[in-house]
There are 2 protein chains.
Amino acid sequence: MLIRNLADAQHQPVTASGAEKCRMAVMVGKDDGAPNFAVREIVVDPSGVTPRHSHDYEHEVVVLDGAGTFFFDGEERALKPGDVVYVPAGHEHQFRAAAQSPLRFLCVTPTSSNCGEAIPGT
Amino acid sequence: MLIRNLADAQHQPVTASGAEKCRMAVMVGKDDGAPNFAVREIVVDPSGVTPRHSHDYEHEVVVLDGAGTFFFDGEERALKPGDVVYVPAGHEHQFRAAAQSPLRFLCVTPTSSNCGEAIPGT
């Protein structure tokens, strides 16, 4: 059986354009045989950001700890632990860590896009 | 934008056969337009269990807090916060809360099965 703990996760820097001070660990994904979606842990260090982008697939996000903001289609809102965020396909979005705090969250994403292409980081 | 907090979740009793002292809240699912998968929070009260069953779709689970065990194909292992569990399709599985502690976890599941049927609780 496959059980991994978040405390043991090996994060890799997010290299996508626009990412700053941001790292990710795929907790369950394609390499484990997961056919439909991947659970990733993302850590954004203080003042860091995920890329501001949109794509043809959705995210479902759960904030684990820390503080920051969520940008969505021109609007920005504060995030706190326990927040669950739905990012539908086709909307510009970005996560930002507060200046004094990292932001740690789970991001669930499909393993392939609506056009059938493999999604990086799954 | 859709942001909900786990602290505000309205849990419903899990009525599937074999479930005991178990309740669930769909945090993001079909009713929100999610096309592929749903994030649910499941709380198993002390000594409670989820159904022991298998099905033709997978789960990806993240333990938030509490204590309990995970049964998988005849084997049982202790669970702790931060554990991420992959339950592939077609394997018998069950989550059990400890006698003195609830077990609270996120369970991500597809919104439709491999046969195209809607999955309950998504």
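**View 1. The contact between chain A and chain B.** In this predicted model, the contact draws 32 residues from chain A and 32 residues from chain B. On the side of chain A that touches chain B, at least two residues each come from several strands, among them strand E1 (2-5), strand E3 (20-28), strand E4 (37-49) and strand E10 (103-110) of chain A. By residue class, that side of chain A consists of 21 nonpolar, four polar and seven charged residues.

**View 2. Strand pairing across the two chains.** Strand E8 (83-87) of chain A, which also supplies at least two residues of the side that touches chain B, pairs with strand E1 (residues 2-5) of chain B in the antiparallel sense, over four bridges. Within this pairing, Val84(A) has Arg4(B) of E1(B) as its bridge partner.

**View 3. Surroundings of Val39(B) in the nonpolar core.** The largest nonpolar core comprises 61 residues, and Val39(A) and Val39(B) are those with the most contacts inside it. Leaving aside residues up to four places away in sequence, Val39(B) touches Glu60(A), Val62(A), Val84(A) and Val108(A) from chain A, as well as Met27(B), Val28(B), Leu106(B) and Val108(B) from chain B.

**View 4. The relation between the two copies.**

Note on methods. Residues are numbered from 1 along each chain as its sequence is written. Chains are lettered from A and ligands numbered from 1 in the order in which they are written. This is a predicted model: local features need pLDDT of at least 70, side-chain atom pairs count only at pLDDT 80 or more; totals for chains, interfaces and linings use all residues. Two residues are in contact if their C-beta atoms, placed from the backbone, lie within 7 Å. Ala, Val, Leu, Ile, Met, Phe, Trp, Tyr, Cys and Pro count as nonpolar, Asp, Glu, Lys and Arg as charged, and the others, Gly among them, as polar. Two strands pair if DSSP finds at least two bridges between them. A nonpolar core is a set of buried Ala, Val, Leu, Ile, Met, Phe, Trp, Tyr and Cys residues joined through C-beta atoms within 7 Å. A residue is buried if 20 or more other C-beta atoms lie within 10 Å of its own, exposed if 12 or fewer, and partly exposed in between; C-beta atoms are placed from the backbone.
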